[in-house]
Amino acid sequence: RNQDSSSRGHCLVLSRLADAVTPLWRLPYQEQLQVKYESQRKILQTLASRLEELGIDAQKPGGLCCPLQPVVPSPIINGYRNKSTFSVNRGADGNPKTVGLYVGTGRERNIVCVKANHVENIPSKHKQVAQCYEEFICRSPLDSCLLFHEGGHWRELVVRTTSCGHTMAIITFHPQQLGQEALATQKALLKEFFTRGPGAVCALTSLYFQESTMTRCSHEQSPYQLLHGAPHIFEELLGLRFRISPDAFFQVNTAGAEVLYQAVRELCQATGDTVLLDICCGTGTIGLSLAHRVSKVIGVEVVEKAIEDAEWNAAFNGISNCEFHSGKAEAVLPQLLASWEGARPLVAVVNPSRAGLHYRVVRAIRNCSSIRRLLYISCKPEGEAMRNFLELCCPPDPRKKLAGEPFAPVLAIPFDMFPHTVHCELVLLFTR
């Protein structure tokens, strides 16, 4: 009876994790797409209502602010993620060195870490690396770092893979009071395990180590230390080759990204004299994929290493009409656009994080009369991006320094970049 009860409890925890990470996994894929279509329809209805409140006649058939196309399906449904982040914490069985994903909440004090072997959007290679990392830290005399102030060392694992067969593992470690000699010992043990020990089965292309006393930190705050292999992994997308650094942004669904970028190409309607603004450009994937259709690409990205990747990607692929700027978009873009003469038409593509665009970025876009066409790619359009949509479309407002002609939404296309989850990538086309 105890075994039966334990087995049922284990299955319940596994189901809870699957439902938390991939809440649509029980539905046939076509039903998942319909669920996502309805959620995007409600978002466009909300945007239409908010625009009406601003005195803008935005109601289209169905109460939408613009036509909504069906959700474009992902070419790959299972195991599509090229990047996974695994936590280290106490498991349901009490093991404090469980490597997996969280279930539960801090408020209810029922958080446990559950192995993700059954989660459908994570590829088998990521699960294999996570299992090996758990084996390593279970052998280690050093504790896992559950709470910073309580000590411990072993923390997150990030796994990145590419369709070229490359695998990068990034291990985050809290140094606490360890000296340099003790840290060097741990790094040597990690390298030995993943190159000559049981972890060699993972065939890592790159093994990185980051000492971090914060929840998350950038390469500039705490450098990624290469313990083994090549400093970068490589991906091929739309006939181009892209270099990827440990903390560079790259769309999590590579096959889905190809479909998305092909659509962006068409929606931009770029001509030979067009200049493309690629804001939040990451490693330059969107701009470089359109470079042959435009006279120039100007990319802006906050992650310095991603800009280095973008410049390498342009040179490697023989693309010479791109320039990339490192820094926060709100600091870089206003300066770039303030001196724009307007001799050539500008098309802007923005692909921000869930936090959306900084207000100064929206203001710079609004006040640049040369930008007549804008593609906003959002993974969370109901969040901060909604504020951006309203700022782009509202009447001129001297108090907010929004002097430029407002944009209007003309087309929305959702792309299912995240099968089994409730999320998708919405591309909203604005013109003026």
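Me: Which strand do five bridges join to strand S10 (residues 275–279)?
Reply: This is a predicted model: local features need pLDDT of at least 70, side-chain atom pairs count only at pLDDT 80 or more, and totals for chains, interfaces and linings use all residues. Residues are numbered from 1 along each chain as its sequence is written; side-chain values use heavy atoms, with hydrogens and water left out. Strands (E, at least two residues) and helices (H or I, at least four) are DSSP runs, numbered from the N terminus. The partner runs parallel to S10 and covers residues 346–350: strand S13.

Me: Which residue in S13 is the bridge partner of Asp278?
Reply: Two strands pair if DSSP finds at least two bridges between them. S10 and S13 are joined by five. In S13, Asp278 is bridged to Val349.

Me: In what order do the seven strands of this open sheet stand?
Reply: The pairing is mixed. Strands S12 (322–326) and S15 (408–415) have a single partner each, so one side of each is left without a neighbour in the sheet. The order is S12-S11-S10-S13-S14-S16-S15.

Me: By how many degrees are neighbouring strands of this sheet turned against each other on average?
Reply: Axes are lines fitted to C-alpha atoms, for helices over the stretch in contact, and angles run from 0 to 180 degrees between N-to-C directions. For this average, direction is ignored. The turn is 15°.

Me: Which helix packs on the sheet, touching S14, S15 and S16?
Reply: Contact means heavy atoms within 4.5 Å. Helix H2 (residues 29–53) touches S15 and strand S16 (425–431), with its direction at about 35° to that of S16. The helix asked for covers residues 384–393, and its direction makes about 170° with that of strand S14 (371–378): H10.

Me: How far apart are the end C-alpha atoms of residues 273–336?
Reply: An unreviewed UniProt entry annotates this stretch as "domain: Methyltransferase". The chain there is 42% helix and 25% strand. The end C-alpha atoms are separated by 18 Å.

Me: Is Ser74 buried or exposed?
Reply: Ser74 sits in the loop between H2 and strand S1 (83–89). Leaving aside neighbours within four places in sequence, Ser74 contacts Tyr29, Asn253, Asp416 and Pro419. Buried means under 20% relative accessible area, exposed over 50%, and partly exposed in between (1.4 Å probe, protein chains only). At 6%, Ser74 is buried.

Me: Which side chain does a polar contact of 3.0 Å join to Ser74?
Reply: A polar contact is a pair of N or O atoms within 3.5 Å; within protein, one must be able to donate a hydrogen and the other to accept it, and residues adjacent in sequence count only if both atoms are side-chain atoms. At 3.0 Å, the partner of Ser74 is Asn253.

Me: What is the order of the open sheet with S3 and S7 in it?
Reply: This sheet has seven strands and mixed pairing. Strand S3 (112–114) and S7 are at the edges, each pairing on one side only. Neighbouring strands are turned by 35° on average, direction ignored. The order is S3-S2-S1-S4-S5-S6-S7.

Me: Which residue in S5 is the bridge partner of Arg160?
Reply: S4 and S5 run antiparallel and are joined by six bridges. H3 packs on the sheet, touching S4 and S5 among others, with its direction at about 155° to that of S4. The partner of Arg160 is Met168.

Me: How many aromatic pairs are there?
Reply: Rings of Phe, Tyr and Trp (its six-membered ring) pair if their centres lie within 6.5 Å; planes under 30 degrees apart count as stacked, over 60 as edge-to-face and the rest as tilted. Under this rule the count is twelve.

Me: Why is the pair of Tyr133 and Trp154 edge-to-face?
Reply: Tyr133 is in helix H3 (residues 124–139) and Trp154 in strand S4 (residues 154–161), 21 residues apart. Both residues are buried. The ring centres are 6.5 Å apart; the pair is edge-to-face because the planes stand at 85°.

Definitions and conventions: UniProt positions renumbered as here; feature names shortened; annotations may be inferred.
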